[in-house]
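Work through the two exercises below with the structure open. Each task is followed by a solution in steps.

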Amino acid sequence: MSVDLVIVGAGPAGMAAAVEAAEHGLSVTVLDDQPEPGGQIYRGIERAGPELTAILGEEYEAGRELAADFRSARIDYLPNSAVWRLDAGARIAFSREGSASTVSARRVLIATGAMERPMPIPGAERPGVMGAGAAQVLLKASGLVPAGRIVLAGSGPLLLLVGCQLLDAGAEVAAVLETTAGGDYLDAAPTLPRALAGWRDLARGVAMKRRLRRAGVAFRSGVRGLAATGQSVRFDGGEIACDLLLLHEGVVPQTHLSRQAGLAHRWRPEQRHWAPVADALGRTAEETLLVAGDAGGIAGARAASLSGRVAARLAAGVDPGRLIAALDRERAMRPLLDRLFRPHTALPADEALVCRCESVTAGDIRQAVRDGAMGPNQLKAFARVGMGPCQGRMCGLAAAEVIASERGLPVEEVGSFRIRPPVKPVTLGELASMEGEAADAEAL
Amino acid sequence: MFRRLPERKASVTIEIDGEPVSTAPGDSVAAAMLAAGIAVFRHAPVDGGLRGPWCAMGVCFECLVEIDGEPNRQACMTPVREGLRVARRTDGSEPGR
């Protein structure tokens, strides 16, 4: 099978790109690992009733029209597809419903979105501790609301947003423990000039914080020494009992596929994550590979759909025109938010599990560095870090930070895991199901 | 530990560790398990520690369970359907390794 454009991901970037590309006459295949379109930001949007949309607000509701356009576009949409290999020659291997296939394309758009930055505090792996984004996903996809006392800890705009949404859903939010002083800036925000890029987001942050305070939620900022016990959260100078601890330290691009495809990645010091090297329009060093949305750097859903449309026009050989200016305006909001919600640089405590799959602590990693592990890839041989089923998604960033601090080097010099295919687990049965050219050894 | 918004009606029955559990269409197996009050999905293969879902979006691989006889499936990435069978691996073993 060969098409003009394969899009990996059906979030705002992937959906908008698919609609735009189909309008320009391209043959489009969309591969997404979820059963429904929307990505994480618009997760479950097609099934959301009035109760849920009242909680999640108009930014979520904005996804409904995009999902409807996506459904009616002349595209080949393959949900439940796990992409496990991408070649710069624009050939993709993926598994779907128990069998594996390949598809070739003139161009591939990587729109794999973002994930929550793992926050390795001691006890974070216990049941009763989750990402704040995970709680939001459960609310969006299944209408699930945590029962019992909730504490939110970490930083970033999503932390406050999830707190407000859970309140609106009738949950008991006991406290918000902010690891940065960032939230304090929000208190001063109304005095900032409205012309400032990002003012609207700031004003929202102020309103959210006020809403939480009015509801009696306790706030602490600059919190250090977080640890989860399963029944409570401890921190330097205190402990709060809770049934569910929600951690959040911002979101980071999902880079496994772009890395495996061989694209160069750049360290973004302001948000402490890696992103594929691409120009403002999403063009990479490989002519066949484009990047859009948060997979290329965190800029939010509005920027994601714009960048998806820009990439689709590039793939169709059409001038992106005014879309570029709109995208620039959207991205101009970020620098201020990035500064306010800069992830705190406190390194994981020795007893914190950094690699959950192989149960390796930050202390184990520090010992491995003293024993001679120079970077993340050697760490695999020393301590099996990154060699479990998640393939380093959960530990990669934190492991590199720990090594960098032990060696006194910047993270970009320490580097990151080398990612090889398959980037998602594949069964032998799925491989055996591959036919013809796809089944030759080279495809693997 | 989780309740469901009233607009989500349960109409699908799956089986978790041999017990019938009523769940809603559109749920993942992980959501169905959490809604049924299950917090512990497995024991970690290396240290035996209790684990449950962290990301709910396919990244962390902490929600691995046996689904319809196939071990190590991601509960958060598997949609429920009538008659689906879930077995937790809480004995510390991890088949296939």
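**Exercise 1.** Describe how helix α1 (residues 12-23) of chain A packs on helix α3 (residues 58-72) of chain A.

*Solution.* Helices are DSSP runs (H or I, at least four residues), numbered from the N terminus. In this predicted model, local features need pLDDT of at least 70, side-chain atom pairs count only at pLDDT 80 or more, and totals for chains, interfaces and linings use all residues. Residues are numbered from 1 along each chain as its sequence is written, chains are lettered from A in the order in which they are written, and side-chain values use heavy atoms, without hydrogens and water.

Step 1. The two axes come within 9 Å and cross at roughly 45°. Axes are lines fitted to C-alpha atoms over the stretch in contact, with angles from 0 to 180 degrees between N-to-C directions.

Step 2. α1(A) is therefore oblique to α3(A); oblique is what remains after under 35 degrees (roughly parallel), over 145 (roughly antiparallel) and 65 to 115 (roughly perpendicular).

Step 3. Contact (heavy atoms within 4.5 Å) is made by Pro12(A), Met15(A), Ala16(A), Ala18(A) and Val19(A) of α1(A) with Leu66(A), Ala67(A), Asp69(A) and Phe70(A) of α3(A).

**Exercise 2.** Characterise the boundary between domain 1 and domain 2 of chain A.

*Solution.* Step 1. An automatic or database assignment sets the bounds: domain 1 is 2-115 + 252-338, and domain 2 is 118-249.

Step 2. The domain centres, taken over C-alpha atoms, are 28 Å apart.

Step 3. In domain 1, 16 residues are in contact with 16 residues of domain 2.

Step 4. About 1500 Å² is buried between the two domains, 63% of it from carbon and sulfur atoms. Buried area is the accessible area (1.4 Å probe) lost on putting two parts together, summed over both.

Key:
Helix = DSSP H or I, 4+ residues; strand = E, 2+ residues; numbered from the N terminus.
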